[in-house]
Each structure stands twice: as C-alpha cells, then as structure tokens.
Amino acid sequence: MEATGVSFAEQQMRRGKYFDQPPFPFVPGYDLVGTVEATGPGTDTTLVGRRVAALTKTGAWAERVALPAADLVPVPDGVDPATAEAALVNGLTAHRMLHRVARVRRGDTIVVLGANGGVGSLLAQMARHAGITVIGTASARHMDAVRALGAIPVDRRAPDMYATIRGLAPNGAAAVFDHVGGPGIADSFRLLAPGGRLVSYGTAATRDLPGNPRTPVLVLAARLLLWNALPNRRRAHFFNLWQGYRSRDRYRRGLAEDLGTVFDLLRTGVIAPPIAARVALSESGRALALAESGTVVGKVVIVPDAD
C-alpha cells in the first residue's frame with residue numbers, strides 16, 4: 001500500500017452505522033493505491049512493479065493487501081500515489097454522477113452541496129471543465145476554496161441558503177448533488193428545473209440517528225421513488241458506487257473505463273483533488289478523527305510509515 005484514505009464510509013463503519021456494515025473486528029480501508037510486489041499462480045507476472053488502484057470496501061488500511069488481479073486498474077506514470085488516492089473513489093463517484101446519472105450538458109447550471117469536500121470539489125472541477133455553471137455550498141470559512149474551484153459559493157449555514165440558490169438559478173438547476181439527505185432533501189428537489197435530476201449520494205444528516213443503519217437510506221430511497229412516480233417532470237436518483245457489482249465482469253470493465261477517464265483528467269491537470277493531510281498508517285486513528293472533524297478541505301490520505 002502506498003496510499004489509502006478516509007471516506008465517509010469508514011466514518012460510518014467505525015460507528016457501526018454503515019449500510020453494508022462489516023462485523024467487528026475488521027480492518028477499514030475503502031480503496032488504495034499501491035505497487036504490485038508479487039503475483040499468484042496463473043496471474044500475469046508483468047503486473048509486478050506496476051502501480052495500480054483498487055476498490056476494496058474494507059482492508060486497505062494495511063501495509064500489504066492481497067487482491068484479485070482483475071480488480072486492479074493501472075495508475076498513470078508520474079502520478080503521485082496520494083494524489084491518485086484522493087481522486088480514486090471521490091473522482092469515480094463524481095464522474096459517474098455527473099455524466100452517467102445526471103447527464104448534464106454544456107451550458108447547464110448545477111448545484112453541489114458541500115463543494116469543499118472530497119467528492120464535491122471534484123464534481124465542481126469536472127463540471128467546469130465540461131462548460132457547466134456550478135453553485136457550490138460550504139461553510140463561510142471555505143468560501144474562498146469553493147470560489148477557487150470556479151464555482152459560485154453559497155454559505156451552507158445561512159438560513160436563506162435555498163432562497164439564495166434560487167436567486168442564482170431562477171430557471172432551476174439541471175442537477176442537484178446532495179450528500180446530506182434528511183429533511184433538506186425536499187428543498188434540494190425543489191431547486192430542479194423541469195427535466196432536472198436530483199442525485200442523492202449520502203445521508204450525512206442522519207448519520208447519528210439510533211437504530212438500524214439501513215433505515216435512513218431505505219426511507220430516503222422510498223421518498224425518491226415516490227417523487228419519480230409523480231408527474232413532476234423531474235427525476236431523483238440514489239447513487240450507489242457498487243450498483244451492478246453482482247455482474248462482476250461487467251462491473252470491472254466499467255470500473256476500468258471510468259477510473260481510466262478520471263486518472264486521465266488527473267494526469268492532464270484538468271482536476272486537482274485537494275488533500276487535507278497525509279497521515280502515517282500507524283496514526284490512522286488521528287486520520288479518522290481529522291476527517292470526522294468537518295474542518296478540512298479535501299481528502300485525508302493515509303500513507304505508509306516512514307522507514
């Protein structure tokens with residue numbers, strides 16, 4: 001392992017609140033970037049020495065990890081491992097939501113909640129590259145960071161946040177990307193223009209609710225399905241990075257294609273994922289606490305301990 005990271009998934013798993021919660025004890029680590037040291041019988045030996053990326057869901061917070069060769073995606077030469085890690089899950093999520101779910105087009109206006117975050121910042125960069133106007137919410141101290149992404153910043157703590165966004169997009173947004181969930185999801189849906197799409201990809205507002213961790217997600221999914229059944233000329237989607245995984249070979253082909261696109265954007269400088277901190281593996285508890293603090297911009301990346 002050369003780089004892994006802390007995502008919202010690990011934060012929820014620590015609490016025992018992840019939708020697909022692994023039983024305790026377990027090793028966290030949703031994804032990683034590393035160099036192949038050895039291959040098993042029947043595996044392409046030319047993989048040895050190559051830098052690759054992989055989705056793991058668990059297990060990546062380790063010095064070494066054994067993975068199926070078919071799950072590995074090449075990382076371009078010259079790309080820093082921590083930078084590739086910061087673009088891995090976040091960039092893949094942003095790319096798929098923007099181009100495969102929302103299907104936005106040049107000239108559209110979109111709203112990104114939490115535009116200073118790991119996914120939100122890459123959403124903003126990818127959208128601006130595609131000629132799309134971005135309205136991004138963040139706390140007041142992160143306004144400059146959102147502005148630097150080329151987005152129009154809006155204070156997420158302002159009581160009139162949604163009214164401000166409607167003023168900036170009076171004809172409605174082509175897409176709204178909401179990682180918060182909870183009661184505010186209805187306000188996000190109301191921001192859509194006719195034909196617009198709400199993409200929900202998290203339930204941060206309900207992360208500390210007691211009870212079964214699946215309940216908030218299932219309630220949200222039911223609400224989105226209801227909205228889709230109504231004749232409102234708008235659509236709502238819940239994004240799941242692992243959708244289609246049961247068709248393993250097809251999923252792997254899609255992963256290689258989409259992640260290859262993300263890495264190409266990274267290699268050519270179109271996107272620059274912000275890294276909040278690089279923390280040694282032996283201090284992974286500190287990395288988790290930092291990511292959960294809500295005070296950082298970008299991804300908290302875990303790297304191997306110095307020799």
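This is a predicted model: local features need pLDDT of at least 70, side-chain atom pairs count only at pLDDT 80 or more; totals for chains, interfaces and linings use all residues.

**Exercise 1. Find the order of the strands in the open sheet, and say which strands stand at the edges.**

Solution. Start with the order: six strands run β4-β3-β2-β1-β12-β11, with mixed pairing. Now look at the ends. β4 (73-74) and β11 (275-280) each have a single partner strand, so one side of each is left without a neighbour in the sheet. Next, step inside the sheet: β1 (residues 3-6) and β12 (residues 299-303) run antiparallel and are joined by three bridges. There, G5 stands opposite V301 in β12.

**Exercise 2. Work out whether N90 is buried or exposed, and list its contacts beyond four places in sequence.**

Solution. First locate N90: it lies in helix α2. Its relative accessibility is 7%, and buried means under 20%, so N90 counts as buried. Then set aside neighbours within four places in sequence; N90 is in contact with G118, V119, L122 and K299.

**Exercise 3. Describe how the rings of Y30 and W242 are arranged, and what their pair ties together.**

Solution. Begin with the geometry: the centres are 6.0 Å apart and the planes make 75°, an edge-to-face pair. Y30 sits in the loop between α1 (8-15) and β2, and W242 in the loop between β10 (235-238) and α8 (248-267), so the pair ties together parts 212 residues apart in sequence. W242 also forms a stacked pair with Y251, at 6.0 Å centre to centre and 10° between the planes. Finally, widen the view: Y30, W242, Y245 and Y251 form one aromatic cluster, and R96 lies over the face of Y251, 5.7 Å from the ring centre.

Key: Residues are numbered from 1 along each chain as its sequence is written. Side-chain values use heavy atoms; hydrogens and water are left out. Two strands pair if DSSP finds at least two bridges between them. Helices (H or I, at least four residues) and strands (E, at least two) are DSSP runs, numbered from the N terminus. Buried means under 20% relative accessible area, exposed over 50%, partly exposed in between (1.4 Å probe, protein chains only). Contact means heavy atoms within 4.5 Å. Rings of Phe, Tyr and Trp (its six-membered ring) pair if their centres lie within 6.5 Å; planes under 30 degrees apart count as stacked, over 60 as edge-to-face and the rest as tilted. A charge sits over a ring if NZ of Lys or CZ of Arg is within 6 Å of the ring centre and within 35 degrees of the ring normal.
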